[in-house]
Amino acid sequence: MPRYETEWIDYALPAGQEFSAAVCGYSGRVRHLYIGRDPVRRAFARHVDVEDGCCQQGEHCLDLDCPLNRSQPEHLLHMLDMNEDEPLDGETARLWGTGSTLEGFLLFARRITAELPEPLRRRREPLGD
């Protein structure tokens with residue numbers, strides 16, 4: 001089964017909050033986000049396996065624009081370390097156009113994807129055996 005590497009990128013917001021984004025080597029889009037630095041999480045999300053139009057990690061992926069994505073809201077919440085969707089504060093809800101924390105994270109992932117360097121937004125070659 002072809003395996004595509006996930007590339008992790010570290011960011012810092014102007015206020016100093018650190019977060020990391022995982023970029024899928026198959027779709028070239030953000031598939032996972034987390035606040036802070038977590039080497040254990042990176043160890044678990046190192047690649048995606050895709051074969052015959054099916055992604056083995058497709059049930060736990062933030063890239064809802066990918067045709068291989070099969071993620072359900074409860075899986076997305078779990079990925080983002082939430083038990084349930086929580087309302088955003090008023091100012092953030094106004095800025096993002098949603099009152100949902102989950103939807104806010106999904107919009108944030110799309111925005112990061114749109115700003116990725118071109119080489120990361122392309123499908124990469126599968127990893128060798």
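**Salt bridges, strands and cysteines in a predicted model**

At 24% relative accessibility, arginine 29 counts as partly exposed, because its value falls between the limit of under 20% for buried residues and that of over 50% for exposed ones. The structure described here is a predicted model. In this model the side chain of arginine 29 meets that of aspartate 63 in a salt bridge, with a distance of 2.7 Å from N to O. The pair links distant parts of the chain, since arginine 29 lies in the loop between β2 and β3 while aspartate 63, 34 residues apart from it, lies in the loop between β5 and α2 (73–79). Aspartate 63, in turn, is buried, with a relative accessible area of 4%.

The structure holds eleven salt bridges. Side chains of opposite charge can pair when their charged atoms come close. One of these salt bridges joins the side chains of aspartate 81 and arginine 41, at 2.8 Å from N to O, and here too distant parts of the chain are linked, with aspartate 81 in the loop between α2 and α3 (90–96) and arginine 41 in helix α1 (residues 39–44), 40 residues apart. Aspartate 81 counts as exposed at 56% relative accessibility, whereas arginine 41 counts as buried at 18%. In a further salt bridge, the closest N and O atoms of aspartate 65 and arginine 110 are 3.0 Å apart; aspartate 65 belongs to the loop between β5 and α2, arginine 110 belongs to helix α4, and 45 residues separate them in the chain. Both partners count as partly exposed, aspartate 65 at 43% relative accessibility and arginine 110 at 33%.

The strands form an open sheet of five, in the order β3-β2-β1-β4-β5, with antiparallel pairing. Its edge strands are β3 and β5 (54–55), each of which pairs on one side only. Helix α4 (residues 101–114) packs on this sheet, where it touches β1, β2 and β3, and its direction makes about 115° with that of β3. Within the sheet, seven bridges join strand β1 (residues 3–12) to β2 in the antiparallel sense, and isoleucine 9 stands opposite alanine 21 in β2. The hairpin of β1 and β2 has five residues between the strands, and glycine 16 takes a positive phi near 100° there. Alanine 15 also lies in the loop between these two strands and is exposed, with a relative accessible area of 80%.

On its other pairing, β2 is joined to strand β3 (residues 30–35) by five antiparallel bridges, and serine 20 has tyrosine 34 in β3 as its bridge partner. These two strands likewise form a hairpin with five residues between them, in whose turn glycine 28 has a positive phi of about 75°. Six of the seven residues of strand β2 (residues 18–24) are buried, so this strand is largely enclosed by the rest of the structure. Strand β1 also pairs with β4 (residues 47–51), over three antiparallel bridges, and histidine 47 in β4 is the bridge partner of glutamate 5.

The structure holds zero disulfides. Cysteine 24 is in no disulfide, and its nearest cysteine sulfur, that of cysteine 55, is 6.2 Å away, which is too far for a bond. Cysteine 24 counts as buried at 7% relative accessibility, as does cysteine 55 at 8%.

Key: Residues are numbered from 1 along each chain as its sequence is written. This is a predicted model: local features need pLDDT of at least 70, side-chain atom pairs count only at pLDDT 80 or more; totals for chains, interfaces and linings use all residues. Side-chain values use heavy atoms; hydrogens and water are left out. Buried means under 20% relative accessible area, exposed over 50%, partly exposed in between (1.4 Å probe, protein chains only). Helices (H or I, at least four residues) and strands (E, at least two) are DSSP runs, numbered from the N terminus. Two strands pair if DSSP finds at least two bridges between them. Contact means heavy atoms within 4.5 Å. Axes are lines fitted to C-alpha atoms, for helices over the stretch in contact, and angles run from 0 to 180 degrees between N-to-C directions. A disulfide is a pair of cysteine sulfur atoms within 2.5 Å. A salt bridge is a side-chain nitrogen of Lys or Arg within 4 Å of a carboxyl oxygen of Asp or Glu.
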